[in-house]
Amino acid sequence: MTAVGIDAIEIWTGKLKLDLPNTFAEKKGEDPEKYTKGLGLENSSFPDVYEDIVTMGANAAKRLMDRKGLTPQDIGRIDVATESSFDNSKPVSTYIAGCLEQVYDGNFHHANKGERKFACVAGTQSIDDAYNWIKAGRNRGRSAIVVATDTALYERGDPGEATQGAGAVAMLISEEPSVVELSTEQGYGSADETDFLKPNQQFPSVDGKRSMQVYLARMREALEDFESVAGKTHPDDFAYIPFHTPFPGMVRKAGLLGYRHMIRDTDVEDELAAEIGRQPREAEFDNWDNYEEAVRAYMDDLKDTEQYRDWYGRVIDPALSLARQVGNWYTGSVHVARTSALKHAAETGRDFTGERLLVGSYGSGAQAEIHAETVREGWKEEIEQLNVDEKLENRYDLSFEEYELVHDVHDHEKETDVEEFTAPSGEFVFSGWGRMGERNYEYVE
Ligand code: HMG
């Protein structure tokens, strides 16, 4: 059977950054360690004034196509996942295709284009759509481009402000992929929840604390559903477990929850119980109202054991390195986490072809999806071509006053005229509004 999965990955970060422990915490009069230790963040990425979800997505997709030597004729599908769209009818993928057609011979006239929405999980859903399209034999030998692109901004003063970010991840989904093969091992946890939403408004209404509980509850259900397909999981089954990362502190909790779930009814559970002096009571894990007191208490004990810390350091933490530097990219976030893990493997010289990843995606509203991927032979060559570190290094460091100006520029309700902070070069830029309210773009050499 033909393998189908991710053949190439490209990341485009917004070109500005806000230093959270210094610039942001200082202005807010808060302890910098709330950001570095509590939330686990160092910097957020922001788009310059000429950047938006289209430019970031098109720039990532162009780098992907150039690297793989592709033309528009090689692409049968462009799916964009975003929760920052500016149009309820015309999908962002048409804008991105329009950008790419400015620089390539040929066009995407025979490609299927769409836009996927389910908060942050939509990026993974788009990969699924592409996978199913190829597996159904409807692709005619062509590949799909999936772009997850967001400007994850909150109202100023909202607690979520510290977790903002902006960037795009473009992925090529193909037959016989180089990076990872997808499989039918997949589980869902899904329920109608009102924890984070944007009812016809740009900035989200958020019940932050509840959103964290909902994330964990749905993730656990997804893991149970996954196990009903793939069989009981064990912590050592997976080389890395990249999770949706609204901020790394959230993944600290998800990692604990996942570990606790995987060790239940095993020797490891008994060994740890002896070490921490108590067994978990199953009921604790079924009562989400009780989460703060009961579950947290057991997990607090667990996280101090050497066994857990070793596992967390090997399997979870390497997937958080990019998120610490960029914040939440919503639909792109879990794909940034996978990329961090692969980068870690490449940097440490590890060859893990054939090993497995467990990928935990999540979208508020709410749905978690967990699936397994198998690493393919070409993963290292592909990951070594990323220039994300250089791009992060080159970001313009905003003062707090400049940050507020940039936030205003990207606030759809405000009309603000601000000079760009960086000079565009070899990229797509926003070039102004058209007569029907459309946004226009051009390529700057
Ligand atoms: P907050 O109230 O500002 O922060 O909001 P806090 O007081 O809860 O502190 C955060 C952590 O820092 C806590 O850690 C503190 O103890 C710690 P915890 O107890 O939870 O482990 N802390 C410190 N640590 C060391 N030194 C210090 C210090 N001070 C505090 N001095 C909140 C936090 C997450 C609520 C806020 O940022 C928020 O509302 N964020 C937006 C919502 C969000 O990200 N939710 C996550 C789950 S939902 C999700 O992931 C979906 C999403 O991506 C959207 C989508 O799907 O589309 C958001």
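V429 lies opposite E442 of strand β15. The structure described here is a predicted model. The two facing residues belong to an antiparallel pairing in which β14 (residues 427-433) and β15 (residues 439-444) are joined over six bridges. Five residues separate the strands of this hairpin, and G437 adopts a positive phi near 85 degrees there.

A positive phi also occurs at G69, the residue that follows helix α3, with a value near 65 degrees. Helix α3 itself covers residues 53-68, and its 16 residues, at 1.5 Å a residue, should span 22 Å. The end C-alpha atoms of α3 are 23 Å apart, which agrees with that expectation. Of the 16 residues of α3, 13 are buried, so the helix is largely enclosed by the rest of the structure.

The protein as a whole contains 15 helices and 15 strands. Its radius of gyration is 21 Å, close to the 22 Å that the globule rule gives for 445 residues, and the protein is therefore as compact as a globular protein of that length. The C-alpha trace spans about 70 × 60 × 40 Å along the principal axes. Of the 445 residues, 49% are buried. Among contacts with a separation of 6 or more, 78% are accounted for by residues 24 or more positions apart.

E384 was examined separately. This residue is placed in the loop between α13 (379-383) and α14 (388-393). With 11 other C-beta atoms within 10 Å, E384 is classed as exposed, because the cut-off for that class is 12 or fewer. E384 and E42 are 342 residues apart in sequence, and their C-alpha atoms are 24 Å apart in space.

Technical notes
Residues are numbered from 1 along each chain as its sequence is written. This is a predicted model: local features need pLDDT of at least 70, side-chain atom pairs count only at pLDDT 80 or more; totals for chains, interfaces and linings use all residues. Helices (H or I, at least four residues) and strands (E, at least two) are DSSP runs, numbered from the N terminus. A residue is buried if 20 or more other C-beta atoms lie within 10 Å of its own, exposed if 12 or fewer, and partly exposed in between; C-beta atoms are placed from the backbone. The expected span of a helix is 1.5 Å times one less than its number of residues. The radius of gyration is taken over C-alpha atoms; the globule rule is 2.2 Å times the number of residues to the power 0.38. Two residues are in contact if their C-beta atoms, placed from the backbone, lie within 7 Å. Two strands pair if DSSP finds at least two bridges between them.
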